[in-house]
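User: Please take a close look at one part of this model. I would like the helix and its charged pairs, but begin with the strand residue we discussed.

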Amino acid sequence: MTPFFPLSSAARACTAAALAALLAACSHPITMITETAPPRSMAHLVPKKVAYVMTDAQRDQRVTSPGGSGDRVSYYPYRDLEKSIRDALRAVYRDVVVLRTAGDAKANEAAGVSLVFTPQIKTDSSSSSWVTWPPTSFTAEVSCVVSDAAGAEVTRVRAMGNGTANFGEFNGDYGLAARRAAKQMTSQLSSEIRRNEKLR
């Protein structure tokens, strides 16, 4: 019988590092950016200038989530979904700008901003395939704290998108489920904003 020798702490650390490297090596980049935007009717826009907050650190935030065949996918949710958030706001309001921080009352007043949307984004993915790596199911959720120009909270809005795609649809478009989720999230966000009387 072969004797059992427990791994030393150094060996365990090396094993963990090797596993992390292996997982990173199996992470495939995809994008969530969608070119589709909710319709924008100039005659029905709320005559306000609003802003959304997004920092460079958020744009550089990389997320890794499950794909198929034991692999994972990586993407930049804030960078990829910034267009979706902006499109949702532009479908409701006349003017939309981006800010680095929500709490600068003087800058908001000088810019003529009425409302400031501060989004938090959550995503997840999965796949029903044991053969191919692109995710067949994807969720994208955005929760926005909405403040007035002085920084006082007015209300909150939330939207979620679910996207699915099967192997026969990918045709090299490996982020298809993610972009479908982004499209649905964008549409729902603009609808939730329109329904909220505090945001008119």
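Analyst: Buried means under 20% relative accessible area, exposed means over 50%, and partly exposed lies in between. This is a predicted model. Thr64 has 32% relative accessibility, so Thr64 counts as partly exposed. Thr64 sits in strand β3, residues 63-66. Beyond its neighbours within four places in sequence, Thr64 is in contact with Ser27, Arg72, Val73 and Ser74. Its C-alpha lies 6.7 Å from that of Tyr75, eleven residues away along the chain.

Now the helix. Helix α6 runs over residues 176-195, 20 residues in all. From first C-alpha to last, α6 reaches 29 Å, close to the expected 28 Å. Its buried residues include Leu176, Arg179, Met185, Leu189 and Ile193. The cover over the buried residues of α6 includes helices α3 and α5 and strands β5, β6, β7 and β8.

Next, the charged pairs. Side chains of opposite charge can pair when their charged atoms come close. Arg179, buried in α6, forms a salt bridge with Asp173 at 2.4 Å, N to O. Asp173 is partly exposed, with a relative accessible area of 25%. Glu192 and Arg195 also meet in a salt bridge, at 2.4 Å, N to O. Both lie in α6, three residues apart, about one turn of the helix. Glu192 is partly exposed at 25%, whereas Arg195 is exposed at 55%.

Helix α3, part of the cover of α6, has a pair too. Asp87 and Lys83 meet in a salt bridge at 2.6 Å, N to O. They are four residues apart in α3, so about one helical turn separates them. Asp87 is buried, at 11% relative accessibility.

How values were computed
Residues are numbered from 1 along each chain as its sequence is written. This is a predicted model: local features need pLDDT of at least 70, side-chain atom pairs count only at pLDDT 80 or more; totals for chains, interfaces and linings use all residues. Side-chain values use heavy atoms; hydrogens and water are left out. Helices (H or I, at least four residues) and strands (E, at least two) are DSSP runs, numbered from the N terminus. The expected span of a helix is 1.5 Å times one less than its number of residues. Buried means under 20% relative accessible area, exposed over 50%, partly exposed in between (1.4 Å probe, protein chains only). Contact means heavy atoms within 4.5 Å. A salt bridge is a side-chain nitrogen of Lys or Arg within 4 Å of a carboxyl oxygen of Asp or Glu.
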